[in-house]
Amino acid sequence: MSYKTIHINTAVSGKSASSILIIYTGGTLGMLYDKKQDVLRPFDLEQLLEKIPEIASFDLDLQIIAFEKPIDSSNI
């Protein structure tokens, strides 16, 4: 399986106070509701700050490792 790494650093000056690693393989927590097609679809984690701008207010270094094609939790 191929994966991508996303790096988000919200530190104001250089080094952040905290580091968080998220490993996302699939499942409901990474899904968004698509109103047009009436289905859940995988969320593009590269848009995390766009969709949840409050994250930028934390002094952190966030690294996300995610499968290119997440596994549906009902198929695990």
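The model is predicted, so local features need pLDDT of at least 70 and side-chain atom pairs count only at pLDDT 80 or more, while totals for chains, interfaces and linings use all residues. Residues are numbered from 1 along each chain as its sequence is written, and side-chain values use heavy atoms, with hydrogens and water left out.

Let's start with the sheet. Strands here are DSSP runs of at least two residues, numbered from the N terminus, and two of them pair if DSSP finds at least two bridges between them. Three strands form an open sheet in the order E1-E5-E2, with mixed pairing. E1 and E2 each have a single partner strand and stand at the edges, so one side of each is left without a neighbour in the sheet. E1 and E5 pair in the antiparallel sense over seven bridges; within that pairing, His7 has Gln63 in E5 as its bridge partner.

| Strand | Residues |
|---|---|
| E1 | 3–9 |
| E2 | 18–24 |
| E5 | 60–67 |

Now the core, meaning buried nonpolar residues (Ala, Val, Leu, Ile, Met, Phe, Trp, Tyr and Cys) joined through side-chain atoms within 4.5 Å, where buried is under 20% relative accessible area with a 1.4 Å probe, protein chains only, and exposed is over 50%. The largest one has 11 residues, including Ile6, Phe43 and Ile64. E5 supplies the largest share, four residues.

Leu21 sits in E2 and is exposed, at 52% relative accessible area. Leaving aside neighbours within four places in sequence, Leu21 is in contact (heavy atoms within 4.5 Å) with Gln63 and Ile65. Leu21 and Ile65 are 44 residues apart in sequence, yet 7.7 Å apart in space, C-alpha to C-alpha.
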